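Colleague: I would like to go through this model with you. Could you take my questions as they come?

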Amino acid sequence: MMQATNQPAGQAQPPAALEPAASKGAHPMGPPLSTQALFARFQRNGAADALTGTHAGVIVDAHLQQLFTEVRSGERAGRIVELQGPPKTTLSIDAMPIPRGGAVATIDDISERVRIDSMRTDFVANISHELKTPVGAIAVLAEMLADETDQTVINTLSTRVVEESHRAARTIDDLLKLSRIELSHHLDDEVDLRAVVGEAVARGRMAADGHEVDVETVDTVDRLWIRADRAQLASAIGNLVENAVKYSDEGTVVQVSIRRNERWVEVMVVDQGVGIPAADLDRVFERFYRVDKARARQTGGTGLGLAIVRHVANNHGGVVSVQSQEGAGSTFTFRLPARLLGPTPEVDDSVDRSYSAGVQPASDRPRAPAETTPPQKVSMPDE
Amino acid sequence: MSKELRSNFHEQLTEIRDGIAQMGAGVTELVPRATQILLDGDLEAAEYVILGDNEYDAKAVELEERCFSVIALQAPVASDLRSLVSAIKIIADIERSADLCVNICKAARRIYGHDLDPSLRGVIQKMGNQARVLFKESTEAYLNLDGPRAAALHDMDSYLDDLQRQFIQVIFESHAAGTIDLQVAVQLAVVARFYERIGDHAVNVGDRVRYIVDGWVPEHPYAESDNDPPEIVDGVIVPAGQS
């Protein structure tokens with residue numbers, strides 16, 4: 001929280017010259033007042049002072065001037081200010097008079113709160129939509145079936161009933177998968193990450209077949225054992241690869257690579273697909289969040305894939321991130337802490353050296369201690 | 001008495017500077033907003049920005065008049081005079097940039113209902129981001145009278161120019177592939193020009209900041225060589241490197 005305080009210059013009224021500007025009130029740029037003109041003393045704490053000299057500080061100051069004028073009536077006043085960013089920031093500025101004269105204002109960065117609020121509202125709307133749509137469709141189709149005598153129509157309708165039931169089942173499966181992730185008791189399983197990635201790539205290739213998208217692995221280590229939940233890892237990496245294939249244009253390549261340094265083991269999935277608009281970038285890991293609703297329907301996903309990926313990463317003390325430009329493709333990076341490295345049966349030096357700077361020589365590689373520290377659990381605000 | 005007069009004069013200078021900084025900060029917010037309006041086809045927000053432009057125009061006139069009256073009544077000299085003369089030019093640059101944001105919103109209305117390729121959208125986003133960065137830097141350079149920061153704007157602008165060329169190329173490709181109409185293609189080419197112009201105005205503001213700080217002017221014969229002092233040959237000033 002930031003704080004700015006002021007003490008008026010002794011007189012109850014602001015200087016006459018300031019009155020007309022102050023009465024405009026809603027002017028988005030605020031009246032052109034200098035701080036010194038309005039207040040005898042104007043103090044800021046460190047956090048508020050950090051805004052000085054920035055464009056955000058100028059905007060905040062303009063609002064502060066108006067609020068300090070408003071609180072002269074003895075009532076507290078406040079407003080919400082949105083800064084476009086990136087990153088988009090929402091500030092709540094509140095001013096209140098203090099008994100011995102003067103006023104105090106607090107500037108609160110409520111961006112996270114606003115983001116969580118909208119996430120919660122959207123989630124409730126989306127989950128009811130995702131579950132009700134197939135159920136509604138099944139009900140209507142069943143009603144039609146009941147009155148139908150033509151066998152061809154009956155066949156078409158019943159196929160649709162089956163499709164819609166599968167869709168509902170997939171959504172429910174994914175929801176259950178999501179809730180089970182945090183209850184996993186297998187986080188200490190020894191898993192060959194390369195094999196998991198290999199399987200995901202193979203599945204991705206199968207999914208890509210009708211789609212002319214090439215899936216290739218780049219620079220993959222021979223063996224990399226980590227302590228993790230195998231099923232979760234397979235589902236997370238599988239989701240990333242499948243997503244990349246789904247949203248790739250024909251004739252493009254999806255590249256999957258494993259990299260490691262002293263701190264992280266990471267799986268990168270790079271595609272040359274449609275990309276993600278900047279405005280949606282920090283929301284794609286939310287449950288049921290769709291960038292392009294029409295396209296999402298065609299691809300047949302449940303809208304939970306990336307939410308599962310994020311949960312798996314968090315559950316292992318890791319993190320998943322995305323970089324993207326519309327039309328140029330996306331890069332998803334799934335990172336796990338290197339302390340999850342398991343006992344490596346044999347070490348192939350030549351492979352290790354082919355990795356980027358920052359990789360320790362094989363001999364110095366941290367072996368997993370006998371008593372592996374439990375993975376750090378990151379609690380997500382939306383859970 | 002005279003001390004009070006001067007303090008009043010300095011207060012007036014501060015007020016003008018605050019007013020200009022507020023306009024600059026306003027446009028810094030307006031650029032990403034216009035970009036989002038263009039990408040989302042948000043007609044309501046477009047209308048809001050278009051109507052809001054009157055306030056920028058009014059503010060520009062008001063600040064300019066203040067500058068004239070201070071120059072006329074206080075007869076400023078040296079850096080005070082430079083800052084007031086520059087203020088008049090900076091106000092015009094900022095006001096024009098607000099107009100360009102309005103033009104982007106009008107273009108959004110003209111192409112409403114036409115889908116844009118992801119590749120077009122990606123470059124629009126990049127141009128919008130870069131134009132915002134330029135305007136933010138120029139506003140903050142002005143606010144802090146930061147010469148080196150202002151001088152960096154030329155190079156930052158060349159990236160925006162590159163993006164504009166790249167965007168024109170993508171427009172040609174999209175049009176050739178038949179994904180956008182000729183009319184939309186033309187509108188988008190104009191939009192690219194708007195961003196490029198916003199960048200140029202930010203650079204102008206930066207140049208003015210340098211002038212306030214140390215008297216550097218782009219129009220000087222030696223300005224091309226960026227701060228290299230001129231050489232004096234036979235008592236005549238010639239640009240660096242030409243003697």
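Colleague: What area is buried between chain A and chain B?
Modeller: In this predicted model, the area buried between chain A and chain B is about 2500 Å². Carbon and sulfur atoms give 57% of that area.

Colleague: And how many residues does each chain bring to the contact?
Modeller: Chain A brings 30 residues and chain B brings 32 residues.

Colleague: How many salt bridges and polar contacts are there between chain A and chain B?
Modeller: There is one salt bridge between chain A and chain B. Polar contacts come to seven residue pairs, with both residues at pLDDT 80 or more.

Colleague: Which side chains form that salt bridge?
Modeller: B:Arg121 and A:Glu326 form it, at 2.7 Å from N to O.

Colleague: Which elements of chain A supply the side that touches chain B?
Modeller: Helix H2 (35-38), helix H4 (55-70) and strand E3 (77-83) of chain A each supply at least two residues of that side. The largest share, four residues, comes from H4(A). By class, the side of chain A that touches chain B has 15 nonpolar, twelve polar and three charged residues.

Colleague: Turning to chain B, what is its secondary structure?
Modeller: Chain B has seven helices and two strands. Along the sequence, the pattern of chain B is α-α-α-α-α-α-α-β-β.

Colleague: What share of chain B is buried?
Modeller: Of the 243 residues in chain B, 50% are buried. The accessible surface of chain B comes to about 11200 Å², and 52% of that surface belongs to carbon and sulfur atoms.

Colleague: What about contacts between residues that are apart in the sequence of chain B?
Modeller: Among contacts in chain B between residues at least 6 apart in sequence, 77% join residues at least 24 apart.

Colleague: How accessible are B:Arg109 and B:Glu47?
Modeller: B:Arg109 is partly exposed, with a relative accessible area of 36%. B:Glu47 also counts as partly exposed, at 37% relative accessibility.

Colleague: Now chain A. Which residues form salt bridges with A:Glu266?
Modeller: A:Arg259 forms one, with the closest N and O atoms 2.8 Å apart. A:Arg335 forms another, with the closest N and O atoms 2.6 Å apart. A:Arg335 lies in strand E12 of chain A and A:Glu266 in strand E10 (residues 264-270) of chain A, so this pair ties together parts that are 69 residues apart in sequence.

Colleague: Is A:Glu266 buried or exposed?
Modeller: A:Glu266 is buried, with a relative accessible area of 8%.

Colleague: Strand E12 came up; where is A:Thr331, and what does A:Thr331 touch?
Modeller: A:Thr331 is in strand E12 (residues 329-337) of chain A. Leaving aside residues up to four places away in sequence, A:Thr331 touches A:Met268, A:Val269, A:Val270, A:Ser321, A:Val322 and A:Gln323. A:Thr331 counts as buried because its relative accessible area is 16%, under the 20% cut-off.

Colleague: Lastly, how many salt bridges are there over all chains?
Modeller: The count comes to 26. In chain A, A:Arg160, A:Glu163, A:Glu164 and A:Arg167 are linked in a network of salt bridges.

Methods. Residues numbered from 1 in each chain as written. Chains lettered and ligands numbered in written order. Predicted model: local features only at pLDDT ≥ 70, side-chain atom pairs only at ≥ 80, totals over all residues. Heavy atoms only, no water. Contact = heavy atoms within 4.5 Å. Buried area = accessible area lost by both parts, 1.4 Å probe. Salt bridge = Lys/Arg side-chain N within 4 Å of Asp/Glu carboxyl O. Polar contact = N/O pair within 3.5 Å; in protein donor to acceptor, adjacent residues only side chain to side chain. Nonpolar A, V, L, I, M, F, W, Y, C, P; charged D, E, K, R; others polar. Buried < 20%, exposed > 50% of the residue type's maximum accessible area, 1.4 Å probe, protein only. Areas by Shrake-Rupley, 256 points an atom, 1.4 Å probe, with all protein chains shown as cover.
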